[in-house]
Amino acid sequence: MVKLIEFDLTTLYGTIKGLNEYLNVSEKMISDYNDFCNGDYSVDDFLEFISVTDQQLLSGELLLSTLHVTTNNDDCNSIKEHGLVSLQKALTINTPLRKHLKQKGVIIDIENKVINYNGETIDISKKFEKFDMFADDDEQILTMIIYKLYEDYQINSFFGSDNVLDYGGYCSDRPEFLYNLSELLNEPSILYDWERDNDTKCYVIKFNAPISYITDYTFFDEMDFALKKHELDYLDKEEIEIKKRKWIIHQALANIFDENYQREYTCFLKFEVSVPPSDIIRIYSPEEYLEAYNI
């Protein structure tokens, strides 16, 4: 049976506990390494210091804890039932987002790639290739909708942040997608009625994701030990997995030695992945989140 190891990079305590469970490293060993490296830490030196080989890094299934910001008007009942789902799925199953759009006369047909609104049909079948800065406003808005629905619909979250509620996409107020849709349909109430609904509240969802559920590009980094995009073309699965796990260890060392566990770095789940209710650790109100993370 594969050992499941929870690695919570969102807190300093969770980081140290994760290293201990994953690599059998005590706090004293971490302190000894800190004295040894004198602040000039590296993943490979750390692994050599604690006598862990690259092959040993492959033992166990890592569950990475991460934080997702959302809003809804049903006290998270749909999340408790279905888990966290992608934008595509949220527009297909019975969620507050789908209900809100239906009330506004908006039906989005993901499979057939059309949006129906008040008797009008909008074609969204054009394949996204790139954003064209020279296109007119209407074309840019349509391109953004297509991008959100078919290229950027996965679940995104934070491994670290000084405050996830301050993310620039205003996810603490409403789904980003509603802003784009209100622009496309020239109907501001699609956005503002969601925000003004007294039942709509913000939540921070802490959940575990197996490393196998997370996209490769989450782990991209320019550091020597880390995964690069071009390496996916020639490294085998074990080599790729080792680089991902070294990325995690580096983040853990940065949390501990740089005391920088509140820096912002993000997690992107694979497109086909949902987070089942069983993998949700806790649902915070904004106030509970701020207190739990001493913000």
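Is Thr 70 buried or exposed? In this predicted model, Thr 70 counts as buried because its relative accessibility is 16%, where buried means under 20% relative accessible area, exposed over 50% and partly exposed in between, with a 1.4 Å probe and protein chains only. Residues are numbered from 1 along each chain as its sequence is written, and side-chain values use heavy atoms, with hydrogens and water left out. As the model is predicted, local features need pLDDT of at least 70 and side-chain atom pairs count only at pLDDT 80 or more, while totals for chains, interfaces and linings use all residues.

Thr 70 belongs to strand E2; helices (H or I, at least four residues) and strands (E, at least two) are DSSP runs, numbered from the N terminus. Leaving aside residues up to four places away in sequence, Thr 70 touches Ile 79, Cys 171, Lys 201, Cys 202, Tyr 203 and Ile 205, contact being defined as heavy atoms within 4.5 Å. The loop between strand E2 (61-72) and helix H4 (77-82) contains Asp 75, and Cys 76 is also found in the loop between E2 and H4. Asp 75 has a phi near 55°, a positive value in a residue other than glycine. Cys 76, likewise not a glycine, has a positive phi of about 65°. Asp 75 counts as partly exposed at 45% relative accessibility, whereas Cys 76, at 1%, counts as buried.

An open sheet is formed by three strands in the order E3-E4-E5, with antiparallel pairing; two strands pair if DSSP finds at least two bridges between them. Strand E3 (106-109) and strand E5 (120-123) each have a single partner strand and stand at the edges, so one side of each lacks a neighbour in the sheet. From one strand to the next, the twist averages 20°. Strand E4 (residues 114-117) runs antiparallel to E5 and is joined to it by four bridges. Asn 116 has Thr 121 in E5 as its bridge partner. The loop between E4 and E5 includes Gly 119, which counts as exposed at 83% relative accessibility. The C-alpha atoms of Gly 119 and Val 106 are separated by 9.5 Å, the two residues being 13 residues apart along the chain. Helix H8 (residues 176-185) lies across E3, E4 and E5 and runs at about 110° to E3.

Two packed helices are described by the angle between their axes and the distance between the axes. Axes are lines fitted to C-alpha atoms, for helices over the stretch in contact, and angles run from 0 to 180 degrees between N-to-C directions. Helix H6 (residues 96-103) packs with helix H9 (residues 189-196) at an angle of about 125°, and their axes are 11 Å apart. H6 is therefore oblique to H9; angles under 35 degrees count as roughly parallel, over 145 as roughly antiparallel, 65 to 115 as roughly perpendicular and the rest as oblique. Pro 96, Leu 97, His 100 and Leu 101 of H6 make the contact with Ile 190, Asp 193 and Trp 194 of H9.

H9 also takes part in a crossing with H8, in which the axes come within 7 Å and cross at roughly 145°. Here Leu 178, Tyr 179, Leu 181, Ser 182 and Leu 185 of H8 meet Ile 190, Leu 191 and Trp 194 of H9.
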